[in-house]
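Please read it with the model open.

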Amino acid sequence: FHRSSITGTIIKRRVISNHQQLLRMDFESPFQAHEWQALKPIVDAVMDETAVMVLSDYNKGTLVDPQYWIQLAKQHGIPVLVDPKGDDFTKYQGADLITPNMTEFEAIVGKITSEADLINKAQQLIAKLKIGALLITRSEHGMSLIRANQAEFHLPAIAKEVSDVTGAGDTVISTVATVLAA
């Protein structure tokens with residue numbers, strides 16, 4: 001199992017037993033710092049037909065400069081949704097919506113001790129980053145939508161037995177993007 005030096009394909013392996021994921025193995029190399037710029041002409045060519053921009057940060061080197069994409073979308077009047085990674089959300093400043101999971105959110109704002117603490121810290125982060133909203137995915141506790149100076153909106157979850165939750169955040173952000181683009 002290795003990343004092909006010709007194609008640069010990331011290889012992901014899952015070890016599953018009795019419908020339960022036991023192990024995930026990813027074989028990859030991040031992009032070089034300059035490689036993301038090859039996306040500029042491709043994206044520029046479709047901006048006039050674009051209804052929403054989704055920046056899904058996998059921390060692989062493609063989103064070295066999220067501000068470039070956020071500002072490009074803003075110039076075209078296109079909403080920007082971000083699925084974040086890492087411990088620095090300032091790079092997503094100005095986005096319309098950021099969709100961290102609870103672990104990612106707590107890595108930025110500190111441990112959440114109550115619902116009121118979650119809302120307060122979310123409002124502070126919204127103001128600091130000048131973003132429109134946070135949609136925090138909370139596993140079995142559902143999701144919480146926090147918008148600047150508005151009442152929070154909590155969506156409950158219906159717990160299901162699943163073998164692999166990989167892609168849950170991708171599903172959330174793509175659903176929101178689909179609704180906004182319609």
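1. The protein chain averages a pLDDT of 85, and 89% of the residues score at least 70. Residues 1-6 have a pLDDT below 50, yet this stretch has 12 contacts in the model beyond near neighbours in sequence. Where pLDDT is low, the predicted coordinates should not be read in detail.

2. Helix H4 spans residues 115-129, 15 residues in total. From first C-alpha to last, H4 reaches 21 Å, close to the 21 Å expected at 1.5 Å a residue. Just after H4, Lys130 takes a positive phi of about 55°.

3. Which residues of H4 are buried? They are Asp117, Leu118, Ile119, Lys121, Ala122, Leu125, Ile126 and Leu129. Their cover includes helix H3 (102-109) and the strands E5 (97-98), E6 (133-137), E7 (143-147) and E8 (153-155).

4. The largest nonpolar core has 29 residues, and those touching the most other members are Leu55, Ile98, Phe105, Leu118 and Leu134. Two or more residues come from each of strand E3 (53-56), helix H2 (66-75), strand E4 (80-83), H3, H4 and E6. H4 gives the most, with 6 residues.

5. Leu55 deserves a separate look. Leaving aside residues up to four places away in sequence, Leu55 touches Leu63, Pro66, Trp69, Ile70, Val80, Leu81, Val82 and Asp83. A second, separate core has 9 residues, among them Leu81, Leu135, Leu145 and Ala177.

Terms used
Residues are numbered from 1 along each chain as its sequence is written. This is a predicted model: local features need pLDDT of at least 70, side-chain atom pairs count only at pLDDT 80 or more; totals for chains, interfaces and linings use all residues. Side-chain values use heavy atoms; hydrogens and water are left out. Helices (H or I, at least four residues) and strands (E, at least two) are DSSP runs, numbered from the N terminus. The expected span of a helix is 1.5 Å times one less than its number of residues. Buried means under 20% relative accessible area, exposed over 50%, partly exposed in between (1.4 Å probe, protein chains only). Contact means heavy atoms within 4.5 Å. A nonpolar core is a set of buried Ala, Val, Leu, Ile, Met, Phe, Trp, Tyr and Cys residues joined through side-chain atoms within 4.5 Å. pLDDT is the predictor's confidence in each residue, from 0 to 100.
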